[in-house]
Amino acid sequence: MSDTQPTTPRLTTAADLYLFQTPSDPQISPDGTQIVFCVQRVEKATEKKYTDLWLADSDGRRLRQFTHGKWADSQPRWSPDGATLAFVSNRGSEEQAQLHLLPVDGGEARPLTDLKGNFANYEWSPDGAKLICQFRRKDADALEREKDEAKKKLGVSYRHITRGDYKFDGAGYLPQERWHVWVLDTASGEATQLTEGDKDETEPRWSPDGQSILFTSNRSDRPDMDLDATELYLIPAAGGEMRQLETRPGRKFAAVFSPDGQHVAYLGRDKPGRWYQNARLYVAPVAGGGARDISGDSDLHLSGSTNGDVFNDSSPALPVWSADGQRLYVGASWQGNEPLVALAAFSPNPTPQQVIAETGVLGGYTFDRARQRVAYLWSTLDDPAQLLVRDVADDGTAAPPRALTTLNPWLPEVETGEIEEVWFKAADGYNLHGWILKPPGFDPMQQYPSILQIHGGPQTQYGNMYMHEFHYLAAAGYVVYWSNPRGSQGYG
């Protein structure tokens, strides 16, 4: 007779949140041989979150942590020659991040900037000599408080609110300063501000010849009240007068140049005032003539929208032109999944071509220079996210994926309940989509308490994506169920 006692299965706990390693922002090297990405971890003792850079070989031979330390290294970007990584880090000051440069073949990271404020989108110039950056200065009164101990102790004595967008979740009260476009010299670190004024200028992009900068700005009298007044602008890289790109009315974002610099592709809404509409894909000639909707008859929302609690990659998901400029790759939301699709750039009514179409949710994605390899993050119902890579043929068809990471190797040891995907009819016969998670060890002959999870918006979608909260509740003995009601994105 054996003395071995049956072991109690390991169930999902709240403390598991301290164990997760969460990837984000995968960036494939120009030659497609390596991918740099971020991995965030939580230090249980202090509740602080730290982020490191990791490097993976595209052939799967090597995976290694590239930076170390109790700070946040984020937004890695390859230089055009693939020899240097730029990234944002607060390693010099927990309260103030700076741009850093780090040789890929070894060496110390060096701070490129010494600015007071916030960094957002940035990218290398085609020749690697400069960076274009979206930067917002710290307010003058905040800088004054830092220099004066008495003022620092007193804190903010009053606020003069003049705009509706004065505060943001996770950021608190926003500065009075606006976002502007800056150019940084990668050798000297010299910073030159290209735009100024009381309007935000965001999402700067280099033209392929390095002569112009494309950016987005809402220059209406009340940008906070007229969100659809976003337009695209061009400004010489050396500074000078900006001009508005001729497009069409409606909100615009995620704009990118074509390889020959003759066109700009961007995401936007079809009609102003209808914020709930699908994001659609447009192409506009730089020389003028207006924008054309190339989304065709597809009813896809061409942007990410899936809710997750462990993995929610916020890295920019930009449209990507094929090397010959005839096709555009873009992420989409569709019935609980997020595929990657391709659309012909100049066809009168293109049909979306599925490039990545498995069951799951696409995170950030980037292509190599030749557009023959794509690196991306992929989340499923039983795994928060892994880094995958796959080769892409000239016609847009993709080879099977290769998984490059096994983050969170402890997760398969946790017993979880069965998830059932369901389609059901509304009272008027409309098809609705949802999921049911049963507790581990579910007995169909017993009765269980249940919890209905809902999402707001009424946009976004629940999907085939890992949700720790749902598994935690199921481990406590609840049947957990969730669905996408009318208004959810991904259903047309």
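What follows is a short exchange about a predicted model of a protein chain.

Visitor: Why is Cys-38 called buried?

Guide: The relative accessible area of Cys-38 is 1%. Buried means under 20%, so Cys-38 qualifies.

Visitor: What makes Cys-133 count as buried?

Guide: Its relative accessibility is 1%, and the limit is under 20%; Cys-133 therefore counts as buried. Across the protein chain, buried residues make up 48% of the 492 residues.

Visitor: How do you know that the radius of gyration agrees with a compact globule?

Guide: For 492 residues the globule rule gives a value near 23 Å, and the protein chain has 24 Å, so the two agree. Along the principal axes, the C-alpha atoms fill a box of roughly 85 × 60 × 50 Å. The secondary structure comes to three helices and 34 strands. Of the contacts with a separation of 6 or more, 49% are between residues 24 or more positions apart.

Visitor: What lines the second largest pocket?

Guide: This pocket holds about 200 Å³ of space. It has 14 lining residues, and those closest to its centre are Asp-382, Asp-383, Asn-408, Leu-411 and Pro-412. The lining divides into six nonpolar, six polar and two charged residues.

How values were computed: Residues are numbered from 1 along each chain as its sequence is written. This is a predicted model: local features need pLDDT of at least 70, side-chain atom pairs count only at pLDDT 80 or more; totals for chains, interfaces and linings use all residues. Side-chain values use heavy atoms; hydrogens and water are left out. Buried means under 20% relative accessible area, exposed over 50%, partly exposed in between (1.4 Å probe, protein chains only). On a 1 Å grid over the protein atoms alone, a cavity is a set of points where a 1.4 Å probe fits but cannot get out, and a pocket is an open set with protein on both sides within 12 Å along at least five of seven lines; lining residues have an atom within 4 Å of a point. Grid points are joined across faces, edges and corners, and a volume is the space filled by probe spheres set on the points. Ala, Val, Leu, Ile, Met, Phe, Trp, Tyr, Cys and Pro count as nonpolar, Asp, Glu, Lys and Arg as charged, and the others, Gly among them, as polar. Helices (H or I, at least four residues) and strands (E, at least two) are DSSP runs, numbered from the N terminus. The radius of gyration is taken over C-alpha atoms; the globule rule is 2.2 Å times the number of residues to the power 0.38. Contact means heavy atoms within 4.5 Å.
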